[in-house]
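Thanks for making time this morning. I would like to walk you through how two chains meet, so please keep the picture in view while I talk.

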Amino acid sequence: MQLAGARFTEASAIFGNDLSTFPSYPAEIRAPADTLGGVSTFQVHIADRDILTPGDHPDVLVAMNPAALKANLADLQPAGTLVVNTDAFTERRWTKAGYTANPLEDGTLDAFTVLPVPMEELTKKAVEETGLKGRGVLRSKNFLALGVLAWMYGRPVEPTIKWIESKFGSTPEVLAANTNAFKAGYNLGITTEVFRHTYEVKPAKMEPGTYANVTGNQAVAWGIIAAGQAAKLPVFYASYPITPASDILHELARRRNFGVRTFQAEDEIGAAGAALGAAFGGHLAVTGTSGPGLALKSETISLALMTELPMLIVDVQRGGPSTGLPTKTEQSDLLMALYGRHGESPLPVVAVGSPSDAFETTIEAVRIALKYMTPVILLSDGYIANGAEPWRLPDLEALPDISVPFQTELNSPDRYLPYLRDPATLSRPWAIPGTAGLQHRIGGLEKVDGTGAVGYDGPNHELMTDYRERKIAGIADDIPDIEVDGEEGATVLVLGWGSTSSAIHAAVRMVRHQGAKVARAHLRHLNPFPRNLGEVLGSYQKVLVPELNRGQLWRLLRAEYLLDCTRFSKVQGEPFKTGEIRDKILELIEA
Amino acid sequence: MTETTTRQDWQSNQEVRWCPGCGDYTILASVQNFMADLGVARENTVFVSGIGCSSRFPYYMNTYGMHSIHGRAPAIASGLAVARPDLSVWVVTGDGDALSIGGNHLIHAMRRNVNIKVLLFNNQIYGLTKGQYSPTSEKGKRTKSSPMGSVDTPFNPVSLALGAEASFVARTIDMDRDHTVAMLEAASQHQGSAFIEIYQNCNVFNDKAFEALTGKEERSENRINLEHGKPVTFGPNDEHGVMIFDGTPHIVEVAEVGLASLHVHDAHAESPAAAFALSRLAHGPFGPTPIGVFRDVPRSTYEADLDRQILDAQTSRGPGNLQDLVTSSGSWVVE
Ligand code: SF4
């Protein structure tokens with residue numbers, strides 16, 4: 001299902017629609033069939049205008065079996081269209097999904113337009129002559145469904161057939177079966193009377209430029225490669241497989257021709273360690289993970305902080321604690337990113353806002369790491385990681401130069417001082433092994449100011465703690481002020497970070513459409529905050545902070561600015577619906 | 001780059017702070033002498049350590065160095081060596097550091113054959129935390145954390161390294177500086193991971209643990225010097241020998257079995273089986289114990305294989321182009 005969804009998305013992107021997707025799948029690779037927990041869903045929103053979210057309520061739902069129907073029916077638009085695989089609605093299967101009667105017959109679907117398609121039977125027929133036998137036959141039914149949708153939405157056929165060829169070319173029977181099934185689905189639409197209405201979604205009017213369709217993980221991976229070029233450093237990415245971050249490793253592992261070194265470590269700690277070793281060696285060192293892995297890496301991040309080596313840690317957040325909801329999204333690692341280490345250990349935290357924002361934000365995080373010689377945590381989440389949207393390509397020739405020169409000469413008359421700080425940034429020099437005359441030792445023990453020798457002295461520890469703190473706090477002068485998308489007279493500001501940005505943006509549009517006034521702002525830098533944040537927040541009567549956690553940013557804002565914001569929390573493993581935020585905004589405006 | 005250096009050139013300006021009489025001093029001197037003789041450049045040499053007494057080592061070397069986190073040195077060193085194959089990367093670790101908290105990193109570094117040289121100072125005790133039993137302490141050992149005797153079965157570090165697919169495994173003794181230097185020499189010649197277990201006396205918390213191999217009386221009875229291509233014999237007059245049959249090592253009297261029946265040590269044997277059998281002669285240094293190079297076989301290094309993939313990819317696909325990358329799964333133009 002995920003594959004068919006991704007393909008429909010690609011076809012729509014190439015057609016020129018704006019789009020936004022929300023794939024959702026179970027934590028098990030082969031989850032028990034026909035149960036609610038085993039349902040794999042791919043939601044896609046396409047439009048002829050710019051859109052921000054995958055939509056709260058789809059117009060069309062394709063249900064391949066009773067469990068899929070049960071899991072998703074509540075979201076379907078009133079009077080929406082249902083394409084149903086009737087072959088799957090046997091008593092055994094609808095019972096397993098928790099129905100007490102066949103939902104196709106008992107009136108459950110009366111409010112919707114139902115298009116019954118015997119997909120298994122049709123697939124079997126379409127696949128007959130390909131020679132494919134056994135269980136493989138029915139796998140092609142997702143392509144039949146894809147064909148039906150392609151017809152309903154007027155998607156061009158050729159690109160998908162080509163794509164099937166490239167994907168399955170190595171197994172001719174499967175290739176033939178999938179192609180036949182896809183065509184059969186498409187032709188079904190043309191030839192039968194069943195499909196009364198088709199949807200015409202014209203290309204969207206988008207800002208001029210070249211667009212590519214990206215997922216968040218892809219864009220982070222590409223951002224890392226671009227940052228390496230912008231910094232003139234080879235890229236070293238060490239990681240341990242973990243959902244939903246593994247696709248970053250996969251994408252980078254394919255890019256050896258960029259000189260990218262990927263290192264699949266023995267565990268999360270090993271991955272962080274290998275990255276730190278590469279950083280010591282003068283590489284752009286990155287390690288990627290999700291929440292449980294970030295917890296394991298924390299000791300190494302503290303060492304990076306003490307040794308003041310640049311390093312990027314990507315945390316693609318998922319539902320926690322513990323294994324939690326590994327395939328579902330959440331924003332609940334914010335406080336861990338800021339504070340989840342021993343000792344006084346501040347570091348910069350930057351958050352990706354959407355798939356199309358990920359490339360630039362990744363480069364920004366690397367810029368900070370290099371300039372300030374510090375580990376930086378980049379937060380993404382499962383929704384951004386797997387979701388796709390069109391991304392207007394930046395001018396790749398004009399990437400900012402974020403390179404930092406290595407120290408190659410003595411920085412004092414008679415010796416190299418590894419902890420002699422730049423007075424402006426408080427950053428220390430980066431002298432890498434291989435540089436003659438600058439041999440030095442670093443490590444986890446407290447360093448003496450300047451010389452970097454081991455120092456157990458109390459006042460020196462306080463001085464160094466203060467340096468480390470001021471270095472990070474000072475970054476506030478080097479990041480843009482937060483911008484407000486406001487309206488004169490608005491009393492409510494909605495402040496978001498990370499993946500809530502799209503739902504907030506869409507909700508604010510709806511509120512304005514209804515004639516009310518509201519302002520919105522998005523935080524990319526979570527530590528330090530932009531300089532003007534306190535002032536901005538203070539200028540509104542009410543500040544609403546929607547988060548996919550129990551109020552972590554909300555807590556930070558209260559602590560930092562002594563400000564009573566309104567928390568709006570959701571931890572259901574899925575993004576906010578636009579309507580949820582809209583209603584909350586209206587409630588605040590009216591209160 | 002080669003330059004002539006002396007031991008002093010390899011000494012950092014830090015005051016060495018081990019307990020007086022600690023075996024670490026001897027090893028430090030051996031390593032510094034060896035480095036000076038090797039003729040490599042100090043700036044191309046890196047020592048990475050974990051936590052523990054032995055892990056203070058990098059501070060005393062006038063090279064690049066990192067005193068890192070408990071157990072993590074092999075991981076950090078692996079990252080450095082993979083990123084920078086031009087460097088000579090050494091790991092200094094202890095029995096607690098390498099075999100307890102860092103066991104996972106150690107075995108995976110070995111199997112990958114990253115070009116790092118691991119010096120494991122085994123003193124069979126936790127020194128820096130003041131005397132708890134370690135993963136190499138003998139069963140029954142009474143320490144502060146095992147007042148009635150340890151109930152843990154110890155590791156045999158050489159067996160462990162061999163099991164972890166290490167391509168170079170050796171053992172030496174702190175007191176025997178010539179032997180130590182010979183092992184360092186062999187390790188540095190080896191391409192890939194090299195593992196050297198160094199029996200190191202902790203005179204404060206576990207004094208004379210290696211007496212069987214270092215004591216004047218016992219030494220000649222117990223030290224089995226492994227030499228490639230030679231029958232394994234030991235004893236003051238080489239009167240004892242080792243035979244391996246049924247996969248098990250047996251100590252025999254040469255006079256009884258004849259020299260020709262003894263096991264001939266082959267450090268370059270493809271199979272680690274015989275080396276493993278030799279490592280089982282002693283599970284701790286309390287009786288006849290082999291020292292020397294157990295295994296030294298050629299295998300391509302991780303970083304060489306990786307760099308070859310990079311070269312292949314660049315040759316077949318051309319150096320990466322960002323524009324092509326970001327449009328690799330399709331793009332479209334909006335006018
Ligand atoms: S405690 Fe033992 S190992 Fe540590 S420095 Fe003292 S003698 Fe050496």
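Strand β14 of chain A, residues 441-443, pairs with β2 of chain B in the parallel sense, over three bridges, and within that pairing A:G443 has B:H67 in β2(B) as its bridge partner. Please bear in mind that this is a predicted model.

Stepping back to the whole interface, 59 residues of chain B are in contact with 72 residues of chain A, and between them the two chains bury about 5,300 Å², of which 60% lies on carbon and sulfur atoms. Of the area that chain B buries against chain A, 16% comes from B:Y64, B:L322 and B:W332, which is more than any other three residues supply.

Let me turn to the polar side of the story. Across the interface the rule finds 27 residue pairs in polar contact, both residues being at pLDDT 80 or more, and it also finds two salt bridges. One salt bridge joins the side chains of A:E266 and B:R112, at 2.8 Å from N to O.

Which elements of chain B, then, each supply at least two residues of the side that touches chain A? They are β2 (64-67), α2 (73-83), α4 (103-112), α11 (302-317), α12 (322-326) and β12 (331-334), and it is α11(B) that gives the most, with eight residues. Sorted by class, that side of chain B has 24 nonpolar, 25 polar and ten charged residues.

Conventions
Residues numbered from 1 in each chain as written. Chains lettered and ligands numbered in written order. Predicted model: local features only at pLDDT ≥ 70, side-chain atom pairs only at ≥ 80, totals over all residues. Heavy atoms only, no water. Contact = heavy atoms within 4.5 Å. Buried area = accessible area lost by both parts, 1.4 Å probe. Salt bridge = Lys/Arg side-chain N within 4 Å of Asp/Glu carboxyl O. Polar contact = N/O pair within 3.5 Å; in protein donor to acceptor, adjacent residues only side chain to side chain. Helix = DSSP H or I, 4+ residues; strand = E, 2+ residues; numbered from the N terminus. Nonpolar A, V, L, I, M, F, W, Y, C, P; charged D, E, K, R; others polar. Pairing = 2+ DSSP bridges.
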